[in-house]
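Here is a short tour for anyone meeting this protein chain for the first time. Have a look at the model, then read on.

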Amino acid sequence: MFTGIVEELGEITAVENLGDASRFRLRGPVVTEGARHGDSIAVNGVCLTVVEHEGDEFTADVMAETLDRSSLGALAVGSRVNLERPMAVGERLGGHIVQGHVDGTGEVVERKPSENWEIVKISLPADLTRYVVEKGSITVDGISLTVVEAGPDFFTVSLIPTTLDLTTLGLKQPGDPVNLEVDVIAKYVERLLGSRAEQPAALPGTQGATP
């Protein structure tokens with residue numbers, strides 16, 4: 001589990017085509033400290049497994065399903081990426097609960113800079129709109145953010161200078177893809193309420209009856 005608090009801006013240093021998958025080599029001095037084979041690291045919000053680790057670089061295999069359903073397929077050598085290690089038990093939950101399981105992708109639609117922050121408008125797939133609410137949480141490229149406005153096919157977020165300086169959202173331009181993960185609690189609530197609605201109503205006089 002992650003929190004959506006990016007630890008560093010990493011960089012793709014190599015991409016190897018494996019046919020039905022790709023192997024990425026990434027540089028990240030912070031997240032590779034103490035890294036071991038099999039550890040998890042979130043790359044632009046996608047939970048990947050460390051295959052090899054040497055110095056300040058690590059490799060991770062990305063299967064075709066992940067490449068097709070996230071923005072990782074658009075990465076190339078030199079691309080900057082947000083990196084985060086899983087949250088350790090007992091640490092503060094600085095952002096919100098993030099699984100590293102991308103629900104869909106959006107695109108940066110518009111950027112409106114101001115003196116102390118910047119409003120970024122991002123497109124939202126139709127099947128995700130019901131999970132996004134004003135002042136709720138959403139993960140964009142692995143960054144835990146608060147929704148400012150929730151529209152029918154978009155949402156906006158307000159970015160402080162720290163987020164702009166230390167994450168990929170300071171680099172993204174209109175038309176660039178971003179990974180989106182909605183609040184997992186909303187999905188569980190929807191599933192539970194849906195299951196309850198599908199249950200047949202009890203017949204009159206049968207509640208509490210024993211066969």
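## Two domains

Taken over C-alpha atoms, the centres of domain 1 and domain 2 sit 22 Å apart. Their contact draws on 12 residues from domain 1 and 13 residues from domain 2, where contact means heavy atoms within 4.5 Å. Domain 1 covers 8-84 and domain 2 covers 104-196; these bounds come from an automatic or database domain assignment.

A quick word on the ground rules. This is a predicted model, in which local features need pLDDT of at least 70 and side-chain atom pairs count only at pLDDT 80 or more, while totals for chains, interfaces and linings use all residues. Residues are numbered from 1 along each chain as its sequence is written, and side-chain values use heavy atoms, with hydrogens and water left out.

## What the record says

An unreviewed UniProt entry lists "domain: Lumazine-binding" at residues 1-96 and 97-193. UniProt positions are given in the numbering used here, feature names are shortened, and annotations may be inferred rather than shown by experiment.

How do the two stretches look in the model? Residues 1-96 are 6% helix and 44% strand, with end C-alpha atoms 10 Å apart. For residues 97-193 the figures are 16% helix and 41% strand, and the end C-alpha atoms are 21 Å apart.

## The whole chain

Overall, the protein chain has 3 helices and 12 strands. Helices (H or I, at least four residues) and strands (E, at least two) are DSSP runs, numbered from the N terminus. The C-alpha atoms fill a box of roughly 70 × 45 × 40 Å along the principal axes. Look at contacts between residues at least 6 apart in sequence, and 69% of them join residues at least 24 apart.

Of the 211 residues, 39% count as buried. Buried means under 20% relative accessible area, exposed means over 50%, and partly exposed is in between (1.4 Å probe, protein chains only). The chain exposes about 11700 Å², and carbon and sulfur atoms supply 52% of that; accessible areas come from the Shrake-Rupley method with a 1.4 Å probe, and for residues only the protein chains shown count as cover.

## Two threonines

Is Thr 167 buried or exposed? Thr 167 counts as buried, because its relative accessibility is 6%. You'll find Thr 167 in the loop between helix 2 (161-166) and strand 12 (177-182). Leaving aside neighbours within four places in sequence, Thr 167 is in contact with Val 6, Leu 9, Asn 82 and Ile 143.

Thr 146 lies in strand 10 (residues 143-150). With a relative accessible area of 45%, Thr 146 is partly exposed. Again setting aside neighbours within four places in sequence, Thr 146 touches Lys 135, Gly 136, Thr 156 and Val 157. Thr 146 and Ser 114 are 32 residues apart along the chain, and their C-alpha atoms are separated by 18 Å.

## On helix 3

Val 189 belongs to helix 3 (residues 184-198). Its relative accessible area is 41%, so Val 189 is partly exposed.
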